[in-house]
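Open the model in a viewer and keep the sequence panel beside it. The stops below say what to select next and what is there.

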Amino acid sequence: MKAAIFNGKEITIRNVSDPKIKDSEVLVRVKVAGICGTDLAIVNGYLPTPTPIILGHEFVGIVEKVGKDVDKSWLNKRITSEINTNIDFNCYYCKLGIYTQCISRKAIGIDVDGALAELIALESYLLHEIPDFISDDEATFIEPLAAAFQVFEMMPIDDDDKVIAIFGLGKLGLLISQVAKLKGLEIIGVDESDRKLKLAKKLGVKEIINRLKEKNIPNVIQNFTDGLGADMVIDATGNPDALGDIIASCRTRGKIHIKSTYGIETPINLTDVVVRELTLYSSRCGPFEKAIEGIKSGNIKVEELISDKFQLSEINKAFESYKLSQDHIKTIIQI
Ligand SMILES: [Zn+2]
C-alpha cells in the first residue's frame with residue numbers, strides 16, 4: 001500500500017507492505033483523513049513520536065476485512081475510529097471506565113501508525129459506524145468534535161456561568177464555540193484572522209476580537225462583562241504566549257480550560273490564578289456518540305471549516321499550506 005511516512009525530519013510517500021490484522025482487529029481502507037495541529041506539532045519537531053511512523057488520526061474508511069474474533073457485521077461498513085488503542089481493559093482507569101487514559105494506551109497516528117495510508121489495522125472496539133447522512137468530509141470532524149464536547153464533560157457549567165471566551169478560532173475553537181452555543185453560553189471569540197472571526201460570528205459567536213488590532217484584550221472582555229471578565233476561558237490557540245491574556249480575561253473564581261498541546265516549555269505566571277482563585281481544567285479525546293449526533297442533527301456545522309483538500313501524494317504541500325496561512329482551518333487529505 002501507499003503510505004505517508006514521517007521519519008522524524010520529513011514525510012515521504014512510500015510503498016510499504018499492507019498491515020496484518022490480529023484476530024481482534026479489522027482492516028480498513030481509508031477514504032479521507034484530516035490533518036490537525038497535533039500532526040503539525042509532530043512534523044515541526046515539538047511533539048516527539050517514535051519514527052518511522054504514519055501520521056493521521058481523524059479519518060473515515062470502509063472495513064475491508066475482519067479478524068477471526070470480530071463481529072462479521074462490521075464488513076463493508078463506513079467507520080471512523082477512536083484514537084486510544086492498545087487498551088488493557090484491566091488497569092485502574094479501565095476499571096473506572098476511563099479507557100482514554102488506560103496506562104497502556106497508545107494513540108493512533110501519534111504513538112503507532114495512523115491513517116495517512118491506503119490501509120490501517122484497527123481494534124474493533126475503537127470503531128464507530130458513520131450514519132449515511134454524514135459525508136466523508138464531515139466525518140473527519142467526528143474525532144475533534146468529540147474533543148470539543150469533552151471540554152464540558154470535564155468543566156461543569158454552573159448557574160453563574162453565562163459567558164465563555166474562546167481564544168483561538170481554528171478548527172477546535174470553532175467546534176468548541178458551537179458546542180458552547182448548544183449549552184446556552186454567550187460566546188466571545190478571539191483570533192488573529194478576520195476570516196475566522198467572521199465565520200465564528202456566522203456560527204453564533206456574539207462578540208469577536210481581533211488580537212492583532214486590540215492592545216488590551218482582557219480589558220475588552222471586561223467591557224463586555226460588566227467589568228468582571230469571562231466566567232470561562234478556553235485556550236485553543238496552540239500558542240503559549242496567549243496564556244497571560246487568557247488568565248487576565250477570566251473573572252475571579254472563574255474557570256480556565258487548556259486545550260492546546262504546545263509540546264514546548266510554557267512559562268506561566270500563576271500568581272493571579274492563586275490570588276483570584278481560578279480553576280484550571282484540561283481535556284483530551286471525547287464522546288464520539290455526541291459528536292456523531294451533533295453533526296447528524298445539523299446542530300454543529302463543519303463543512304465551512306474545510307479550507308483545503310489535497311491528494312495523499314500532495315501531503316507535503318498540504319502541511320506547507322497549513323503552516324503558512326493564518327486563515328487556515330482544516331485540511332482534508334483524499335486517500
Ligand atoms: Zn487500562
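A residue counts as buried if 20 or more other C-beta atoms lie within 10 Å of its own, as exposed if 12 or fewer do, and as partly exposed in between. By that count, 44% of the 335 residues of the protein are buried. The model is predicted.

**Whole chain**

Start with all C-alpha atoms shown. Along the principal axes they fill a box of roughly 60 × 45 × 40 Å. The radius of gyration is 20 Å, which agrees with the value near 20 Å for a compact globule of 335 residues. Colour by secondary structure: there are 11 helices and 18 strands. Among contacts with a separation of 6 or more, 69% join residues 24 or more positions apart.

Select strands 1, 2 and 4. They form an open sheet in the order 2-1-4, with antiparallel pairing. Strand 2 (11-15) and strand 4 (53-54) stand at the edges; each has a single partner strand, so one side of each is left without a neighbour in the sheet. Strand 1 (residues 2-6) and strand 2 run antiparallel and are joined by 5 bridges.

Next, select Thr51 and Pro52. The peptide bond between them is cis, with omega near -5°. Most residues other than glycine have a negative phi, and most peptide bonds are trans. Pro52 lies in the loop between helix 1 (37-43) and strand 4.

**Two residues with positive phi**

Go to the loop between strand 7 (84-85) and helix 2 (92-95) and select Asn86. Its phi is near 60°, a positive value in a residue other than glycine. Is Asn86 buried, exposed or partly exposed? Asn86 has 13 other C-beta atoms within 10 Å and is therefore partly exposed. Leaving aside neighbours within four places in sequence, Asn86 is in contact with Ser104, Arg105 and Lys106. Now draw a distance from Asn86 to Leu75: the two are 11 residues apart in sequence, and their C-alpha atoms are 22 Å apart.

The second case is Glu277, in the loop between helix 9 (271-275) and strand 16 (279-282). Glu277 is not a glycine, yet has a positive phi of about 50°. Glu277 counts as exposed because it has 9 C-beta neighbours inside 10 Å.

Pick Ile166 here; its bridge partner in strand 14 is Ile234.

**A helix pair**

Two packed helices are described by the angle between their axes and the distance between the axes. Select helix 4 (residues 142-154) and helix 10 (residues 288-296). How do their axes cross, and within what distance do they come? The axes come within 8 Å and cross at roughly 110°. Angles of 65 to 115 degrees count as roughly perpendicular, and helix 4 and helix 10 are therefore roughly perpendicular to each other.

Show the side chains at the crossing. Helix 4 contributes Ile142, Leu145, Ala146 and Phe149, and helix 10 contributes Phe288, Lys290, Ala291, Ile292, Gly294 and Ile295. By class, this contact has 8 nonpolar, 1 polar and 1 charged residues.

**Last stop: Met154**

Stay on helix 4 and select Met154. Met154 has 12 other C-beta atoms within 10 Å and is therefore exposed. Beyond neighbours within four places in sequence, Met154 is in contact with Tyr281 and Ser283. To finish, draw a distance to Ala230: it is 76 residues from Met154 along the chain, and the two C-alpha atoms are separated by 18 Å.

Note on methods
Residues are numbered from 1 along each chain as its sequence is written. This is a predicted model: local features need pLDDT of at least 70, side-chain atom pairs count only at pLDDT 80 or more; totals for chains, interfaces and linings use all residues. Axes are lines fitted to C-alpha atoms, for helices over the stretch in contact, and angles run from 0 to 180 degrees between N-to-C directions. Helices (H or I, at least four residues) and strands (E, at least two) are DSSP runs, numbered from the N terminus. Angles under 35 degrees count as roughly parallel, over 145 as roughly antiparallel, 65 to 115 as roughly perpendicular and the rest as oblique. Two residues are in contact if their C-beta atoms, placed from the backbone, lie within 7 Å. Ala, Val, Leu, Ile, Met, Phe, Trp, Tyr, Cys and Pro count as nonpolar, Asp, Glu, Lys and Arg as charged, and the others, Gly among them, as polar. The radius of gyration is taken over C-alpha atoms; the globule rule is 2.2 Å times the number of residues to the power 0.38. Two strands pair if DSSP finds at least two bridges between them.
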